[in-house]
Amino acid sequence: MTGTLVLFDDRTAAGWMPFALTRPAGELLFGALTMADRAEAIFGIPCVGHIASPRLHGFGAPEGRPVREPTAFDATQPRLFLSSRLVPEWGGKLTLPGTPALLRVGGEAAGWYAPPGAPAPPRAFFDDPANGAAQASVELDVPGRMLRDVWQLVTGNSAQILQDWAGSLRRSRATPSAGDAAWQITGGSAELLRVEPGSVVEPHVVFDVTHGPIVIGAEVTIRAFTRIAGPACIGAGTTVLGGSLSEVSIGPACKVRGEVEASVLLGYDNKAHDGFLGHAYVGRWVNLGALTTNSDLKNNYGTVRLWTPAGEVDTNEAKIGCFIGDHVKTAIGTFIGTGTVIGAGSNVFGARPPRLVVPFAWGSDGITPYGLDRFLTTAARVMQRRGVQLSAGVREVLGRAWQESWSAPARNRE
């Protein structure tokens with residue numbers, strides 16, 4: 001297949017808070033890959049960017065692919081516009097016609113194909129493909145499924161790791177060297193462990209593949225007295241400092257210690273101390289202070305209710321932890337309740353934050369603003385420590401997110 005791939009955030013994906021405030025949904029990690037990386041690998045064409053809220057214009061390297069208007073993508077090339085909520089099926093075939101076509105997944109409108117010279121659909125299509133203005137005489141079925149709720153990024157993550165392994169990762173497995181006898185594989189064959197070149201695994205590390213494979217990315221360091229249970233993926237450049245990790249997806253350049261269960265860390269996160277993280281999704285550039293711990297099960301074992309932009313909803317899930325946006329910082333000894341949402345850019349201290357911490361909040365009440373200049377200064381300093389510069393574009397995205405979160409509502413909070 002030739003051409004370019006563009007992912008778009010419809011109204012549903014735009015409601016995946018707290019993450020959609022500062023990044024397109026296509027750059028979220030699900031299973032072993034981000035949504036964009038998976039679509040790119042399955043369809044065999046490069047993903048060149050995203051269509052999302054105008055608030056995200058300026059998003060791009062080093063955080064991910066750029067956010068642009070629909071007309072900004074080269075119309076001389078074939079363009080495949082796909083919903084960022086689409087999880088395509090590995091091995092699924094897609095034969096594109098010579099005319100514009102509507103793409104459906106399980107009957108739901110999920111994308112648009114524009115051949116060379118054809119215009120992109122109007123903006124209304126990307127906001128709501130089912131009721132968009134675009135019309136097509138040709139419709140194509142795409143093998144896969146559509147995510148709907150933000151918590152599915154957690155509840156479906158382990159199963160997606162298994163699918164990614166079966167679809168792609170196992171075929172390019174890196175074989176552990178014979179000199180690694182100081183660490184142990186239990187519960188299955190060494191064929192279920194993939195360790196990329198440049199990684200260091202110290203003695204007294206246990207890999208448990210009873211329930212699924214484990215993928216260790218390039219240049220990863222795993223310290224002694226760590227236990228990792230699959231299905232699990234550890235991103236390139238991450239350091240695991242000890243503890244118990246099970247059913248996790250951890251993005252690049254993280255530092256992780258303690259107990260982490262059924263959770264996703266998007267990347268460049270610091271959880272370098274003891275504390276429990278369970279059934280949680282953590283954005284980028286998050287620092288969890290020592291002993292920060294979250295609850296993922298109510299005392300009455302009931303289902304968890306969660307704040308969303310459309311109001312509080314029942315997830316119908318008994319195990320839901322917390323959702324932490326980009327650039328959040330928590331103080332030592334922070335206890336996070338079941339079903340807590342912490343908005344991007346917040347600096348949380350105090351024993352226990354409320355179940356909703358608004359974006360760019362400061363302190364223990366979850367509703368006091370964190371000054372924009374102070375936040376940006378800290379964000380740039382944190383990123384520079386990892387050798388990453390806060391780009392002008394991303395700085396603008398964060399500034400617009402702060403303005404949207406505080407300018408008008410702040411008058412009512414003071």
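## Cysteines and disulfides

In this predicted model, the number of disulfides is 0. A disulfide is a covalent bond between the sulfur atoms of two cysteines, and the cut-off applied here is a pair of sulfur atoms within 2.5 Å. For Cys-47 the closest cysteine sulfur is that of Cys-233, at 20 Å, and Cys-47 is therefore too far from it for a bond. For Cys-254 the closest cysteine sulfur is again in Cys-233, at 13 Å, which is likewise too far for a bond.

Solvent accessibility can be stated for two of these residues: Cys-47 has a relative accessibility of 6% and counts as buried, while Cys-254, with a relative accessible area of 1%, is buried too.

## The six-stranded sheet

An open sheet is formed by 6 strands, arranged in the order β4-β1-β5-β8-β7-β9 and with mixed pairing. Its edges are β4, residues 47–51, and β9, residues 138–141, each of which pairs on one side only. When direction is ignored, neighbouring strands of the sheet are turned against each other by 25° on average.

Within this arrangement, β1 (residues 4–8) pairs with β4 in the parallel sense, over 4 bridges, and Leu-7 stands opposite His-50 of β4. Helix α2, which spans residues 35–43, packs on the sheet and touches β1, β4 and β5 (79–83), and the direction of α2 makes about 145° with that of β1.

## The α6 and α7 pair

Helix α6 (residues 372–385) and helix α7 (residues 392–406) have axes that come within 11 Å of each other and cross at roughly 145°, and the crossing in which α6 passes α7 is right-handed. On the α6 side the contact is made by Leu-372, Phe-375, Leu-376 and Ala-380, and on the α7 side by Arg-395, Leu-398, Gly-399, Trp-402 and Gln-403. Sorted by class, the residues of this contact comprise 6 nonpolar, 2 polar and 1 charged.

## Thr-221 in strand β16

Strand β16 covers residues 221–222 and contains Thr-221. With a relative accessible area of 18%, Thr-221 is classed as buried, because the cut-off for that class is under 20%. If neighbours within four places in sequence are left aside, the residues in contact with Thr-221 are Val-200, Thr-238, Thr-239 and Val-240.

Technical notes. Residues numbered from 1 in each chain as written. Predicted model: local features only at pLDDT ≥ 70, side-chain atom pairs only at ≥ 80, totals over all residues. Heavy atoms only, no water. Axes fitted to C-alpha atoms, helices over the stretch in contact; angles between N-to-C directions. Helix = DSSP H or I, 4+ residues; strand = E, 2+ residues; numbered from the N terminus. Left-handed = near helix turned anticlockwise from the far one by under 90°. Contact = heavy atoms within 4.5 Å. Nonpolar A, V, L, I, M, F, W, Y, C, P; charged D, E, K, R; others polar. Pairing = 2+ DSSP bridges. Buried < 20%, exposed > 50% of the residue type's maximum accessible area, 1.4 Å probe, protein only.
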